[in-house]
Amino acid sequence: QVSLVESGGGLVQAGGSLRLSCAASGRTFNDAPMAWFRQAPGKEREFVASINWNGGSTKAADSVKDRFTISRDNAKNTVYLQMSSLKFEDTAVYYCAASTRVTRTYYTSGEMYHYWGQGTQVTVSS
């Protein structure tokens, strides 16, 4: 049974930082890209950041690229999202995603990811 479990969300004041973790089990993803997406109430799901199989290449959305950093530890089958200088508009449920495609690249489209976590709530107070 494959599962992705996010943790690290919570309530933080604007300007603060949080580090999200996503632990995978049931299979390894050390040969495939992983990513973070988010969805705010009343809005569509949006891409946040992605990372290739060994962490050598990353991509972040323009809205967060100067503030968020994605990383991974394949020995732990875990991907992270370090969030700094948080804004009220960052408030959303953050979802971890993993692809089953064996590739050296990464994807920014949710349709390219096959496994999803249940999400972790990030709330930024103004």
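# A conversation about the disulfide and the core

Colleague: Is C96 buried or exposed?

Modeller: C96 is buried, because its relative accessible area is 0%. Buried means under 20% relative accessible area, exposed over 50%, and partly exposed in between, with a 1.4 Å probe and protein chains only. This is a predicted model, in which local features need pLDDT of at least 70 and side-chain atom pairs count only at pLDDT 80 or more, while totals for chains, interfaces and linings use all residues. Residues are numbered from 1 along each chain as its sequence is written, and side-chain values use heavy atoms, leaving out hydrogens and water.

Colleague: Which residue forms a disulfide with C96?

Modeller: The partner is C22, with the two sulfur atoms 2.1 Å apart; a disulfide here is a pair of cysteine sulfur atoms within 2.5 Å. The structure holds one disulfide. C22 is in strand 3 and C96 in strand 9, so the pair ties together parts that are 74 residues apart in sequence. Strands (E, at least two residues) and helices (H or I, at least four) are DSSP runs, numbered from the N terminus.

Colleague: And why is the disulfide left-handed?

Modeller: The torsion about the S-S bond is about -80°, so the disulfide is left-handed. C22 counts as buried because its relative accessibility is 0%.

Colleague: Turning to the largest nonpolar core, which residues touch the most other members?

Modeller: Of its 34 residues, those are M34, W36, L81, M83 and Y94. Such a core is a set of buried Ala, Val, Leu, Ile, Met, Phe, Trp, Tyr and Cys residues joined through side-chain atoms within 4.5 Å. Strand 9 gives the largest share, five residues.

Colleague: What is M83 in contact with?

Modeller: Leaving aside neighbours within four places in sequence, M83 is in contact with residues including L18, R67, F68, Y94 and V122. Contact means heavy atoms within 4.5 Å.

Colleague: Where does R67 lie?

Modeller: R67 lies in the loop between strand 6 (58-60) and strand 7. Its relative accessibility is 12%, so R67 counts as buried. The R67 side chain makes a polar contact with the side chain of D90 at 2.7 Å. A polar contact is a pair of N or O atoms within 3.5 Å; within protein, one must be able to donate a hydrogen and the other to accept it, and residues adjacent in sequence count only if both atoms are side-chain atoms.

Colleague: Where is the place of D90?

Modeller: D90 is in the loop between strand 8 and strand 9. With 1% relative accessibility, D90 counts as buried. The D90 side chain also makes a polar contact with the side chain of R38, at 2.9 Å.
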